[in-house]
Amino acid sequence: MKIVKSTLFSALVLSTLSLGGCAMAKSGVLTFEKHNIKLKCFDASDLKIGYGNYRTHGLNNREYTPNHLIDICPSKKSNDDTKFLSGGMGYYRAFEGPLRIQWHALDDSIIDTTVDLDEIFPGKIIPNKEDPNRIYWPIPTSRLPFIVIEVNDRTLSIYSDVDISIVPEDGNVSNRASHRNRTLMFSKIY
């Protein structure tokens with residue numbers, strides 16, 4: 001019976017890790033192995049990205065609106081940075097190549113740029129404010145870390161957004177909590 005329980009537990013841990021519950025940990029430092037992508041668009045339209053071999057991602061693209069009209073995203077609200085992230089664009093190996101971002105600013109001018117995630121996240125390190133001694137290292141993240149690509153009119157911002165599993169001060173791992181760490185990694189006005 002113990003062998004069956006042990007096998008089931010191992011299968012559960014492996015499936016959690018492979019389906020996106022964990023970032024890779026290297027000697028007390030969280031690093032990207034895989035990640036999710038979230039696009040956010042404000043006061044702009046026709047946001048498209050190409051990442052590695054992927055070219056089909058986008059938001060508010062006019063070719064999908066009736067009569068190909070401009071579909072401007074709403075303005076950013078003060079609580080948009082604190083909303084729970086869901087529905088990312090999938091699982092990606094870190095980092096699969098250059099990230100090309102194209103969008104139309106509020107004045108409908110086209111902005112097209114390429115950024116290198118290896119430069120934005122040197123050593124593939126996931127930024128966080130947590131005490132490494134309190135991170136639950138067997139499963140340090142409760143889901144894949146997000147890389148958030150945000151355009152706001154002419155401004156491009158890239159965030160790291162990760163939920164880190166923390167062991168309470170009493171050391172009882174069954175009472176661990178998840179702390180959200182959102183960090184602005186890149187911002188540029190075009």
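**Ile72 and the fold around it**

Author: Isoleucine 72 is partly exposed, with a relative accessible area of 35%. Partly exposed lies between buried, under 20%, and exposed, over 50% (1.4 Å probe, protein chains only).

Reader: What kind of model is this, and how are residues numbered?
Author: It is a predicted model, numbered from 1 along each chain as its sequence is written; local features need pLDDT of at least 70, side-chain atom pairs count only at pLDDT 80 or more, and totals for chains, interfaces and linings use all residues. Side-chain values use heavy atoms, with hydrogens and water left out.

Reader: Where is isoleucine 72 found?
Author: In the loop between strand 5 (54-59) and strand 6. Strands are DSSP runs of E, at least two residues; helices are H or I, at least four; both are numbered from the N terminus.

Reader: New topic. How many helices and strands?
Author: Two helices and eleven strands.

Reader: What is the strand order in the open sheet of five?
Author: 6-3-9-10-11, with mixed pairing. Strand 6 (92-93) and strand 11 (177-189) each have a single partner strand, so one side of each is left without a neighbour in the sheet. Pairing takes at least two DSSP bridges.

Reader: How do strands 3 and 9 run?
Author: Parallel, with seven bridges joining residues 34-42 to residues 146-152. Lysine 38 has valine 148 in strand 9 as its bridge partner.

Reader: And which strands pair with strand 7?
Author: Strand 4 (residues 45-51) pairs with strand 7 (residues 99-104) over five bridges, antiparallel. Strand 8 (residues 110-115) also pairs with strand 7 in the antiparallel sense, over six bridges. Leucine 99 is the bridge partner of tyrosine 51, and valine 115 in strand 8 is a bridge partner of leucine 99.

Reader: What about the turn between strands 7 and 8?
Author: The two strands form a hairpin with five residues between them. Aspartate 108 in the turn has a positive phi of about 75°.

Reader: Last one. How much of the chain is buried?
Author: 41% of the 190 residues. The chain exposes about 10500 Å², and carbon and sulfur atoms supply 55% of it.

Conventions
Areas by Shrake-Rupley, 256 points an atom, 1.4 Å probe, with all protein chains shown as cover.
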